[in-house]
Amino acid sequence: MTSQEYIDIAEEALLHTYNRYQIVLDRGEGVYLYDTDGKRYLDFAAGIAVFALGYKNEGYNEALIQQINKLIHTSNLYYNVPAVEAAVKIKKASGMDRVFFTNSGTEAIEGAIKLARKYAYQKDNTTDHEIIAMQHSFHGRSLGALSVTGNVKYQEAFKPLIGGVKFAEFNDLDSVKEQITEKTCAIILETVQGEGGIYPAEKEFLQGVRELCDKRDIILILDEIQCGMGRTGTMFAWQQYGVKPDIMTVAKALGCGIPVGAFVAVERVAKAMQPGDHGTTYGGNPLACAAVNRVFELFEEGNIIEHVNEVSGYLEEKLEEMIKKYDIVKTRRGKGLMQGLELTIPAQDIILKALQKGLILITAGQNIIRLVPPLIITKEHIEEMAEILNQVFELKMMEMEK
Ligand SMILES: *Cc1c(COP(=O)(O)O)cnc(C)c1O
């Protein structure tokens, strides 16, 4: 079948919750993807910041094959070796104490919210605690995660959401202070806002939030689902800020393609959860955790984080050149291999043109091109990306002059 035939069937069979790009991806190798017509694409999206280690990674695939042949699933009624090992690796990388594995980022957020509420409940036996979240944040689409997602457009039709959620301005400490009451049990934010447009937290802001939390025994939840796992140049982005969260959520690149997430807590908070308080059938199953284990091993063997720090400056340089060259390119934001290029025009047409030329990019908000490539990209790949994107900008400028 041709790509178009698959697309036609898909549009009849799948719930129409996405306006998809008109390609059918079929296989991948390194940082390249191929569609069902055999066309090659340089991938600067990595399945939305997921496939950090690149496609058809032999070490990764082999670990999964071995685990498939051994044991895929057991439930959480028993222990399994990959989950034990994966939890220990996450503890070591984060300096935090206890891990709960989930199937997605959204579920990690749900768990984090529940843990924060339980912690507060144990302190005062009341149930009307409040959570402060940030405007323009993104934490997921389930009703709990949606409730702390600062985007009215996503929320409106699905109200009522969970109660007791207030919103503050990201990177504005005073606006957070204004929302704090006796009832505040948690503050949740992305260390680097992803969907909202690639906005890193400012150091003074995050440190200020940490101080507010310390003073009032409020739980700080840092969402590292997109910015975590080495993407910004440290294993977790908060490790660059001199702060530590009480609860952290991870997913996306944690499994590098196998659906797995986790919420991770420090002991003081973690011990609020008791048997029966939370659960999952699939979460932390042997296959998912074998992926997590191998990901951590491959990060270490391949010095992935060092590599991110080596190449990300070059990416920034290439993007800065575009700002100088084209009026429609306004500014750049981000850390490491999580970059946003803000345009003065909607990004969608640029992304479609790039796709035609064999470059996969995604947006983060209307006017922002998001670059979240596999972490194994080299200078040569960055050059190839820049060449295509420059061509696209030139084409667009010519169109606009007509
Ligand atoms: C993607 C994302 C989520 C949701 O994760 P899913 O795995 O899609 O459920 C939550 N928070 C952030 C910051 C994300 O980028």
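The largest nonpolar core of this predicted model has 132 residues. A nonpolar core is here a set of buried Ala, Val, Leu, Ile, Met, Phe, Trp, Tyr and Cys residues joined through side-chain atoms within 4.5 Å. Buried means under 20% relative accessible area, exposed means over 50%, and partly exposed lies in between, with a 1.4 Å probe and protein chains only. The residues with the most contacts inside the core are Phe44, Leu189, Ile247, Ile369, Met385, Leu389 and Phe393. Helix α11 (residues 286-301) gives the most to this core, with nine residues. In soluble globular proteins, nonpolar side chains tend to be buried together.

The model is predicted, and local features need pLDDT of at least 70, side-chain atom pairs count only at pLDDT 80 or more, and totals for chains, interfaces and linings use all residues. Residues are numbered from 1 along each chain as its sequence is written, and side-chain values use heavy atoms, with hydrogens and water left out. Helices (H or I, at least four residues) and strands (E, at least two) are DSSP runs, numbered from the N terminus.

Not counting residues up to four places away in sequence, Phe393 touches Met322, Tyr326, Ile328, Val329, Leu341, Leu343, Ile350 and Ile369, where contact means heavy atoms within 4.5 Å.

Two strands pair if DSSP finds at least two bridges between them. Six bridges link β13 to β14 (residues 338-343) in the antiparallel sense, and Thr331 stands opposite Glu342 in β14. Axes are lines fitted to C-alpha atoms, for helices over the stretch in contact, and angles run from 0 to 180 degrees between N-to-C directions.

A further open sheet of four strands has the order β1-β2-β3-β15, and its pairing is mixed. Its edge strands are β1 (25-29) and β15 (359-360), each of which pairs on one side only. Strands β1 and β2 (residues 32-35) run antiparallel and are joined by four bridges; Arg27 has Tyr34 in β2 as its bridge partner. Helix α14 (residues 379-401) lies across β2, β3 (40-43) and β15, at about 110° to β3.

Helix α14 also packs against helix α13 (residues 348-356), at an angle of about 125° and with the axes 9 Å apart. The two helices, α13 and α14, are therefore oblique to each other; angles under 35 degrees count as roughly parallel, over 145 as roughly antiparallel, 65 to 115 as roughly perpendicular and the rest as oblique. Among the residues that meet here are Ile350 in α13 and Phe393 in α14.

Helix α11 has a partner in helix α3 (residues 58-70): their axes come within 9 Å and cross at roughly 150°. That makes α3 roughly antiparallel to α11. The residues that meet include Tyr60 and Leu64 in α3, and Ala291 and Leu298 in α11.

Finally, Lys118 is found in helix α5 (residues 105-124). Is Lys118 buried or exposed? Lys118 counts as buried because its relative accessibility is 16%. Lys118 and Ala272 are 154 residues apart in sequence, and their C-alpha atoms are 6.2 Å apart in space. Beyond four places in sequence, Lys118 touches Ala272, Met273, Gln274 and Asp277.
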